[in-house]
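Student: Before we look at particular residues, could we go through this model with questions and answers, beginning with the terms we will need?

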Amino acid sequence: MTQIADTAETGPDATTGPETEGATARMRGGVAALALSLALTTLNSSIASVALPKLAEAFAAPFQQVQWIVIAYLLTITTLIVSVGRLGDIVGRRTLLLAGLAVFTAASVLCGLAPSLWLLIAGRAVQGVGAAVIMALTMAFVGETVPKERTGSAMGLLATMSAVGTALGPSLGGLLLAGFGWHAVFLVNVPLGLAALALGYRYLPRDHAGASETRARFDIPGTILLAGSLAAYALAVTAGNGHFGLMNVVLLGAAVAGIGLFVLVQATVSSPLVRLGAFRQPGFGAALAMNVIAFAVISTTMVVGPFYLAIALALNETVVGLLLSIGPASGALSGVVAGRVVDRFGAPSMVIAGLVEMAVGSAALAILPVLFGIAGYVVGILLLVPGYILYQSANNTAVMMNVDAAERGVMSGLLNLSRNLGLMTGASVLGAVFAFSAGASDITAAPPQAVAFGMQATFLMAAGLICVALAIAARGRASARREDR
């Protein structure tokens, strides 16, 4: 955060007086509030998964019911993230972000004290509402918190905190479960949420006067159609435990029909939820498409990695846990550096550089583990994850730097939506490729050689997908150069 604040101290109009010191303190406090808020949402995506066996025991419930503790949270975020981003543009981003933090913190209390499984699931859904607000608006706030020339550094810090939250979840969850029971897994959010709320209230820039004048223009029909379509898609790719049946087809058809109706509504209403013209802006549609692909590939490491390490390499749980932490840890360490590199060399070039590194990392994961075992896996992860962090920092910077201030919330929501869609689609589709390639409907019963072959096939496909993203990036950059002439 010191690096981000340097611009305020060394810019052409900088002074060393109290006003500049106050502005620097507000900038650092604002960035800290955004970083802690985002870390909370990613922490809660991973920390609850560790508690599922204990929760199944505590509530005497089967896994099919207990897994809704995770699904309810992710489904709510995916369904609402674009709508709450647009709502922030209308009613004021600071007001809504603070409200989202308050909802998230209160829902954490409800989860921690829930006397029944279904009340816990309901609390997780409410927690997801707060998380959707936080995720949609943290990136949108960067443009109001740091100078434009330091946008990449701020995005890199947010990527770091996102990785820190993901990496910390399993280990922190395990410690809390062992020491205090499952209630603590949710109640730990309360002091963290209150700290983020206090920092946000103290340091985030206040909303511009007059934002409330356009509240009545919120697109309710579009919101309902988009939320319903996204919910149907999310259920289509997560239901069935890896088997694509009639229900999945029906849900997918409902999602497609709903999106079609949504586009028609957006073309006719006076104040649409998503301005369709934004997709004609150079690079925006491409940025969303690349996001879906990149996050689909990164989700594969979380789906395939544990099975490969445990079955193909026959490692115990402790070693598997340590190896799986390498990816998030490398992402956390590389985030700030990636942001500075983006500021130095420009977002378009670093989008391509990050994707190239991801392609090399995916190919390495397909080839090196078979040749070198654990060392090959580690090398592949250390190529793939930092490349993904560089790509993410650059892509987010490229989009958010060129967005009108009045639309930062909805555009940030769309970026985060593409992230969630990529994670869900990758876990479902590439997970199915892994199971098919291994030749087993139950991957836990597959022989080590089959699991190793499944790993190869899956990451070769992942490398191919990243090459598709590279083609999209190269085409977008060529179009931008032609327009500049």
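Tutor: A residue is called buried when its relative accessible area is under 20%, exposed when it is over 50%, and partly exposed in between. Please keep in mind throughout that this is a predicted model.

Student: By that rule, is Phe434 buried or exposed?
Tutor: The relative accessibility of Phe434 is 3%, and the limit for a buried residue is under 20%. Phe434 therefore counts as buried.

Student: Which kind of pair do the rings of Phe307 and Phe434 form?
Tutor: The ring centres of Phe307 and Phe434 lie 6.4 Å apart, with the planes at 45°. Planes under 30 degrees apart would count as stacked and those over 60 as edge-to-face. The pair of Phe307 and Phe434 is therefore tilted.

Student: How many residues apart are Phe307 and Phe434 in the chain?
Tutor: Phe307 belongs to helix H12, while Phe434 belongs to helix H17, which covers residues 408-438. The pair thus links distant parts of the chain, and the separation is 127 residues.

Student: What is the angle between the ring planes of Trp182 and Phe186?
Tutor: Trp182 and Phe186 are both buried, and together with Phe59 they form one aromatic cluster. Their own pair has a centre-to-centre distance of 6.2 Å and is edge-to-face, with an angle between the planes of 75°.

Student: Where is the kink in H15?
Tutor: Helix H15, made of the 26 residues 347-372, should span 38 Å at 1.5 Å a residue, and its end C-alpha atoms are 35 Å apart, which agrees. Just after H15, Gly373 takes a positive phi of about 65°. The kink in H15 is of about 35° and comes shortly before the proline Pro369, at Leu365.

Student: How many residues of H16 are buried?
Tutor: Helix H16 covers residues 374-401 and reaches 40 Å between its first and last C-alpha, close to the 40 Å expected. H16 is largely enclosed by the rest of the structure, because the buried residues among its 28 number 20.

Student: What is the phi of Ala60?
Tutor: Most residues other than glycine have a negative phi. Ala60 is found in the loop between helix H2 and helix H3, and it counts as exposed at 71% relative accessibility. Although Ala60 is not a glycine, its phi is positive, at about 50°.

Student: What is the relative accessible area of Ala314?
Tutor: Ala314 lies in the loop between H12 and helix H13, and its phi is also positive, near 55°. Ala314 is exposed, since its relative accessible area is 62%.

Student: What accessible area does the nonpolar patch with Val250 have?
Tutor: Val250 has its place in helix H11, residues 246-268. On the surface, Leu246, Met247, Val249 and Val250 form this nonpolar patch, and their accessible area together is about 420 Å².

How values were computed. Residues are numbered from 1 along each chain as its sequence is written. This is a predicted model: local features need pLDDT of at least 70, side-chain atom pairs count only at pLDDT 80 or more; totals for chains, interfaces and linings use all residues. Side-chain values use heavy atoms; hydrogens and water are left out. Patches are made of residues with over 30% relative accessible area and no salt bridge: like charges are joined within 9 Å, nonpolar side chains (Val, Leu, Ile, Met, Phe, Trp, Tyr) within 5 Å. Accessible areas come from the Shrake-Rupley method with a 1.4 Å probe; for residues, only the protein chains shown count as cover. A salt bridge is a side-chain nitrogen of Lys or Arg within 4 Å of a carboxyl oxygen of Asp or Glu. Helices (H or I, at least four residues) and strands (E, at least two) are DSSP runs, numbered from the N terminus. The expected span of a helix is 1.5 Å times one less than its number of residues. Buried means under 20% relative accessible area, exposed over 50%, partly exposed in between (1.4 Å probe, protein chains only). Rings of Phe, Tyr and Trp (its six-membered ring) pair if their centres lie within 6.5 Å; planes under 30 degrees apart count as stacked, over 60 as edge-to-face and the rest as tilted. The bend at a residue is the angle between axes fitted to the seven residues ending there and the seven starting there.
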